[in-house]
Amino acid sequence: MRDADEDEHAPISTSRLGYKADGAGLLRSTRQHVHVLDLATGEVRQLTSGDWHAGRPAWSPDGEQLALAAGPEPDADTTWRTPAHLVPAAGGPLRRVAGQLDVAGPITWTADGAALLVAGQQRLAVGHAGLFVQPGRGRGRPGRPSPPRWTGNVMPGGPGYPGGLPQLTADGGTVVFCVRDRGCSHVYATAVDGSSSPRPVLTGDDLVVSGLSVAADADRAAVVLADPGTYGEVAVVDLTDGTTTRVTRQHRRRPPGRRPARPRAAHLHRARRHRGARLAAARPGRPGARPAAGRRARRAAQRLGTGGRRRAPLPPGAGRRGLVGAAGQPARQRRLRAGVLHRRGRGAGATADERDFLDPVDQLVAEGVADPDRLALTGYSYGGYLTCWLTGRTDRFAAAIAGGVVSDLTSMLGTSDAGYALGGMEWPDPWTAPAELAELSPISRVHQVRTPTLVLQGQADERCPVGQAEQWFAALRTRGVPTELVLYPGGSHLFILSGRPSHRVDYSRRLVRWAQQHVPTPRPAIDAAHWQQRLDVLAARHSVPGAALAVRRVGAGPDELVELATGVLNRSTGVATTTDSVFQIGSITKVWTTTLVMQLVDEGRLDLDAPLAEVLPELQLGDPDVAKRVTMRHLLTHTSGIAGDVFTDTGRGDDCVERYVAALADTPQNHPLGATFSYCNSGFTLAGRVVEVLTGQTWDAALRERVIEPLGLAHTSTLPEEAVLHRAAVGHIAPEPGADPAPVPVWVLPRSLGPAGLVNATAADVTAFGALHLRGGVTADGTRVLSAASTEAMQSRQAELPDRYSLGDSWGLGWIRHVWDGELLVGHDGGTYGQGAFLRVLPEHGLVIALLTNGGKMKDLYTDVMGELVGELAGLQLPAPLEPPEQAPQVELARYAGSYERSSVATEVFERDGGLVMRETMSGAVAEAVGQPVQEHPLVPVAEGLFAVRAPGTDGWSAVTFHSLPDGTEYLHTGGRANPRKSR
């Protein structure tokens, strides 16, 4: 609630604390109060008011009263007391519930309305929240609440915390609630009247329960259940016997080599095991050691249980600290995590947690699980505080990533929205013990920090204010410590949980990259002999005459490069394929052209979103309006709608690209400008012409001067007279399905198609180009070829695809974007006369892989080779290929029958023998490239609008998608091309 006439520019005056809140900023006159909405009339009545905030209200069973937590007392901003209160639903005074329960959390009424079940504390203090019973007809008289139904750590749940609200069973006689137990969250139940002891319902090692929801008509509950094998699945729990049925299976797939870690007990410096300490080393299948039982251990668990010791922690909480091993080879690397114990009393701070953290690390190092030279430290909130603290006390960590930072407790007290509540419970008094408080501040030891530190912070964080991060970053920077500060505009303290998805993804990616950058990553050399054997076997299996494979791994030192070759360059001559043989890389050239374009953007000579007519005023296209409005971004994302497969031969002269563009005046429009995606070769020749005009060079010369030579690519060229100076591959095409591939009669496309597909290169040279983009636009010798911003922009999502099976998941600028096992990578494929090329760049693993082939079942070879490589070197699986379901779905066949047409290809879809058949008739260069101008394929239904086809002699399936634009125009989408319907 906020005053309607409040001037947002007026000065802000306050005489109380609590004038701001994380996620809301300065509150001004805004206060949270209880209102009642009449569902029949729509009338809204306010029940509470005042300079305080009302907690979540709970209706009494008879609908006469509402219970809520509130702190209406004048000193509540300094005492932080929020006891339970009652207010009549019809209106009336607010009354405190009887009983000395100073801190009330979530409230539930008993079924008869006689009492309240309250999760809270009798006194605000460092300690557990219990589950209490308070009278539901209180008059504000002092007294003690009934003994708690549970004295452990009740977890009501919330952002960043597991657990769930206490709830009644169907008969109202039992309350079901969640508790923190040895670092996990479990479900318990107990009689409301106290006639029985609390009993476990759902427990177990390494189980974490969230989102508790008890059924209203049966003794069962739904929960989100996480364990070492899943991030969380919905499960139904029988409240009588604990039988659990998982009803979702969203996390069944696990990348190769990654098996669940099993937490086990740790020996700490106090020479005894603590049940609150949770750490894990990836020892698949090995059961964790159970800590010692006994009263002493139970007391330690109650006192030290992770995640809920403080009544008012630094959300999202102390649980967000840990130890990570830098990403290396996921299939082989042991990963570990650690939960850290809380400190032992007021004023102890990180001095107690320090050993709780480092002792388990020492133990893992001693056991050979952790590499002492490859430790990285990261944490958020209190974990960010502890990350700063530890790097000021030890140099053992190779990298640190601190999020939601606390660096100076003195300034934290006065600037955080919860500073004095936290400080009053946990820190030395700043006025009477300033030296002790300063000693607990990481900033007091920042002069000892040597660890490269990445600082990640929400710019609108009021819990751990942004100044804390800025202070830490500035101190590191001025002292010459490698550091970087990343601020997330509008990000509150909880932005890593509920902020912009792009911010959350960025946070995780930066964390991993910082660790990869600063943690030494010794990896076993790529086994060249093994991969040579696999290339030989697989190329023969798929009838590929010759192939070259290069795998480049980019790290802190020199690149690791493995080059392999198999077969022959030309079956007519029998010349062997070698690693210095050059192949046509086809449309991978488009990424090279895009790099040229983005260089011009860096130089301020080109605007991606300005009409091309500003550079090419003479431009004419089949649609005059498109000629006026089309931009470079349209060309680089294949969304211009210009007919794409136009292979006009305009000669061998240096003016061939200019003449080709002039000939586009008669080229039809395939779809409206920007309306959808359709692969467009002609658009890239047009982009090449823009490069020529702005540089004053031919496209070939510009590429050599700006890209090929700075990268030192001795075997890369764009012209056939240059290619013949090297061992050049010849393409092969099978004259008919099932026949052996034979050399093609035409070696190369017209020179006018250069910017779209005429680069010739070795596999190693192709990976060197890919590594340029992996390094952010810098060559191996440190030469900057492209800005980091442009490199990132090329890999960012720019366009969606109607069909995600044929090419990739989405499109960047030039690059195709792929998601494999949830990980983003970029790449491109290329095809010319009987040759196929495949490039993949895996940023998270520093890998660039190029496979060049000259005929046969080239895509099938790619699938097998790439699948094995990324599985072994990156622990990834290729996406499941498109396959028709065993039971064909019922689809409306007549809906898709008709004629579709684009430049160079006419397609008919018709019914035959109860199914659909697609007949494609190709002309011009397209027909020459495929070798069979007329092809028929049965369409096998996968889903409504999606069909699968299999080309004769190949193993894999390809997608054919039918879709419509918003204006109702219908398209058949195949091979990345949009084919508009011409008739039914």
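**Close-up views of the predicted model**

**Figure 1. Overall composition of the protein chain.** The protein chain exposes about 40400 Å², and carbon and sulfur atoms supply 50% of that area. The model shown here and in the following views is predicted. Of the 984 residues in the protein chain, 54% are buried. The secondary structure comprises 23 helices and 51 strands. When contacts between residues at least 6 apart in sequence are considered, 59% of them join residues at least 24 apart.

**Figure 2. An open antiparallel sheet of 4 strands.** The strands follow the order β5-β6-β7-β8, and their pairing is antiparallel. The edges are formed by β5 (58-59) and β8 (95-96), each of which pairs on one side only. Strands of a sheet pair through backbone hydrogen bonds, in either a parallel or an antiparallel manner. Strand β6 (residues 65-69) runs antiparallel to β7 and is joined to it by 5 bridges. Within this pairing, Q65 stands opposite P88 in β7.

**Figure 3. Strand β7 and the hairpin with β8.** Strand β7 (residues 84-88) and β8 run antiparallel and are joined by 2 bridges. L86 stands opposite R95 in β8. The two strands β7 and β8 form a hairpin, with 6 residues between them. In the turn, G91 has a positive phi of about 110°. Because 4 of the 5 residues of β7 are buried, this strand is largely enclosed by the rest of the structure.

**Figure 4. Packing of helices α12 and α21.** Two packed helices are described by the angle between their axes and by the distance between the axes. Helix α12 (residues 589-602) packs against helix α21 (residues 788-795) at an angle of about 135°, and their axes are 10 Å apart. This angle makes α12 oblique to α21. The crossing of α12 and α21 is right-handed. On the α12 side, the contact is made by V591, T594, T595, M598 and D602; on the α21 side, by S790, A793 and M794.

**Figure 5. Packing of helices α15 and α16.** Helix α15 (residues 656-663) and helix α16 (residues 681-695) cross at roughly 130°, and their axes come within 9 Å. Helix α15 is therefore oblique to α16. The crossing of α15 and α16 is left-handed. Helix α15 contributes V657, E658, Y660 and V661 to the contact, while α16 contributes S682, T685, L686, G688, R689 and E692.

Figure 6. T974 lies in strand β50, which spans residues 970-974. With a relative accessible area of 10%, T974 falls under the 20% cut-off and is therefore buried. Apart from residues up to four places away in sequence, T974 touches E920, A959, V960 and N979.

Technical notes
Residues numbered from 1 in each chain as written. Predicted model: local features only at pLDDT ≥ 70, side-chain atom pairs only at ≥ 80, totals over all residues. Heavy atoms only, no water. Buried < 20%, exposed > 50% of the residue type's maximum accessible area, 1.4 Å probe, protein only. Contact = heavy atoms within 4.5 Å. Areas by Shrake-Rupley, 256 points an atom, 1.4 Å probe, with all protein chains shown as cover. Pairing = 2+ DSSP bridges. Axes fitted to C-alpha atoms, helices over the stretch in contact; angles between N-to-C directions. Parallel < 35°, antiparallel > 145°, perpendicular 65-115°, else oblique. Left-handed = near helix turned anticlockwise from the far one by under 90°.
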